[in-house]
Amino acid sequence: MNDIVELAVIGAGPAGIEAAVTAAQAGVEVILIDSSARPGGQYFKQLPEAFQCEDRTEHHLKAQKLFQKLASSGVKVWPNTLVWGIFEGAQPGVWCLTLHGKDAPARLNARMVILATGAYDRSIPFPGWDLPGVVTAGAALTMVKHQRLLPGRRVLLSGSGPLQLAAAAQLAQAGAEVVGVLESSANLLWRGIPYLPALWGQWSRMREGLGYIKTLVSAGIPYRTGWAVTAAHGEERVREAVMARLGRDGKPISDSEKTVAVDAIVVGYGLTPSSELIRLLECEMEFSAGRGGFIPRRNENLETSRPGIFAVGDGAGIGGAEMAMIEGRIAGYAAALKLGHGAEIQTRRAIIQERAALRREGRFADLLGDLFSPPAGLYTLAKDDTILCRCEQVTLGQIREAISYGTQTVTDLKNLTRSGMGNCQGRTCGSIIAQIMAAETGRTVQEVRYYNIRPPVHPIPLWAIEEHEPEQ
Amino acid sequence: MRITKSTPELPAVERGKSIEVIVDGRKVQAFEGELVSTVLQAEGITVFGRKHQTGRPSSVYCGMGVCYECLVTINGAPNLRACQTYVADQMTIETAGQVKP
């Protein structure tokens with residue numbers, strides 16, 4: 001395929017849809033690529049097509065409005081398509097996306113690319129965290145909302161931030177026995193005072209949060225701040241959870257330990273940006289703990305250090321759906337201008353307006369990022385025989401041994417131990433091993449950095465490459 | 001544990017057509033629109049795979065296609081994500097089995 005599309009948007013969540021629609025409305029030819037069957041991302045995840053439901057919730061109506069906008073925008077949507085690499089194209093100023101999907105071509109050439117790849121749950125390992133029945137908050141929400149399935153009958157939640165409150169409320173309403181919600185951050189109210197101005201105008205969010213709390217209170221579900229799950233026991237699945245109160249440093253206080261019988265533990269310590277394609281492009285990165293870790297450095301149009309590559313939404317720094325949609329619109333406008341579309345003055349004015357909204361959302365994201373950053377001491381829960389890299393079954397003991405050889409970065413650890421070389425390509429263990437290496441060596445995460453990434457950024461069958469790349 | 005309750009926040013759904021899949025040689029009822037992981041979980045199957053390095057059990061973890069912990073064999077094709085694959089009538093699904101090797 002030698003055609004060159006003007007703009008490819010990767011990821012059809014809130015950020016990607018807004019970016020694609022905004023650019024298309026300015027006259028840009030846009031292809032929106034997503035690995036799922038239906039657009040929406042995780043936040044606006046749709047029910048499967050075969051399910052029928054009369055949904056009148058505010059959230060659903062908002063999603064429907066967005067999908068209608070997408071349907072009438074002229075954006076071409078390519079579902080069920082995985083982007084496994086981005087490379088410099090054969091001509092200057094063209095990017096080549098390599099794709100895998102039943103109906104997708106092997107490659108797509110694009111003048112500009114907006115990456116809206118979203119985020120996934122950040123994990124913190126503890127003994128037993130790899131037992132069946134321990135799932136992330138994102139998994140629990142997907143099961144309940146997308147599949148109408150409970151992850152277990154007796155569920156304990158442990159983590160940080162509002163996502164687990166949402167998960168707990170949904171699980172309780174759906175009929176699970178929620179034995180407790182543990183929030184690793186302590187003194188939330190007191191620590192929240194400096195952020196009060198950022199809450200001004202966030203009424204619908206506060207109403208949503210209070211709604212979750214009301215559900216928990218009326219169901220008699222205990223909400224403990226400054227607590228966390230410290231171990232899971234079981235053979236073929238989790239049977240018991242151990243929880244403990246955390247000290248100021250985030251380390252568990254051993255005489256506070258309690259054990260509860262459960263058949264599921266839901267863990268969610270915030271989100272990690274899905275930055276694989278950004279790293280593959282070797283975009284300049286910066287570290288922001290409050291925004292989920294390493295994120296691309298962007299200019300005020302949300303363009304990365306690679307010309308024509310924009311990054312928006314949670315994949316470029318955790319900020320939530322509202323912020324993601326604003327970022328999507330800014331990048332959509334900016335890409336249109338760069339491609340020579342749209343009325344220049346109006347477009348610039350629109351960008352300026354969106355930037356003001358972005359600053360407001362940014363203050364709220366800072367509040368969440370600071371209040372709900374898991375304390376460093378939580379990374380001491382793993383023992384020497386605890387698996388850190390699940391794919392390659394690498395233990396903390398093996399990582400410690402590799403650190404003792406004088407390794408300098410997490411990529412050195414990867415080369416020595418195979419951690420991060422498995423199917424998930426280091427998505428689950430990358431930030432964990434960086435935190436642990438930094439703590440054990442008295443350095444910062446900025447210094448031990450992030451795993452190098454190689455294409456394909458998702459495993460694909462060998463035939464998928466073979467078929468399209470015949471020997472020259 | 002399929003949810004049958006209906007609440008304002010989580011209105012009840014009518015699942016797709018009732019179909020049949022074959023899990024480890026056994027016929028199992030499923031519904032169109034369900035994921036392979038959903039059907040296995042609803043059947044009480046918790047061990048989807050076993051790590052070839054250590055034999056430790058693995059199952060759904062991230063639920064969104066990121067962690068690759070839920071790999072199973074589907075219609076003979078190995079290493080497919082149960083949480084990203086929708087069931088179809090007469091699909092064969094093979095897990096690592098529920099007994100330790």
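Analyst: Just after helix α12 of chain A, Arg418(A) takes a positive phi of about 75 degrees. Helices here are DSSP runs (H or I, at least four residues), strands likewise (E, at least two), both numbered from the N terminus. The model is predicted, so local features need pLDDT of at least 70 and side-chain atom pairs count only at pLDDT 80 or more, while totals for chains, interfaces and linings use all residues. Residues are numbered from 1 along each chain as its sequence is written, and chains are lettered from A and ligands numbered from 1 in the order in which they are written.

The helix α12(A) itself covers residues 410-417, and its buried residues are Val410(A), Leu413(A), Lys414(A) and Thr417(A). They lie on the same side of α12(A), because they cover an arc of only 105 degrees around the axis; the arc is taken from the directions from the helix axis to the C-beta atoms. An α-helix has 3.6 residues a turn, so residues three or four places apart point the same way. Buried means that 20 or more other C-beta atoms lie within 10 Å of a residue's own; with 12 or fewer the residue is exposed, and in between it is partly exposed, C-beta atoms being placed from the backbone.

The cover over these buried residues includes β22 (394-395), α11 (396-404), α13 (430-441) and α14 (445-448) of chain A. Contact is defined as C-beta atoms, placed from the backbone, within 7 Å.

Elsewhere in the model is the largest nonpolar core, with 166 residues, where Val9(A), Ile114(A), Leu171(A), Ile265(A) and Val312(A) touch the most other members. Such a core is a set of buried Ala, Val, Leu, Ile, Met, Phe, Trp, Tyr and Cys residues joined through C-beta atoms within 7 Å. Its largest share, 10 residues, comes from helix α9 (residues 321-338) of chain A. Leaving out residues up to four places away in sequence, Val312(A) touches Ile114(A), Leu302(A) and Glu327(A), among others.

Chain A also meets chain B: 42 residues of chain A are in contact with 39 residues of chain B. On that side of chain B, β1 (13-14) and α1 (36-42) are the elements that give two or more residues. Strand β1(B) runs antiparallel to β3 (residues 52-53) of chain A, joined by 2 bridges; pairing requires at least two bridges found by DSSP. Within this pair, Val13(B) is the bridge partner of Cys53(A).

How values were computed. Contact = placed C-beta atoms within 7 Å.
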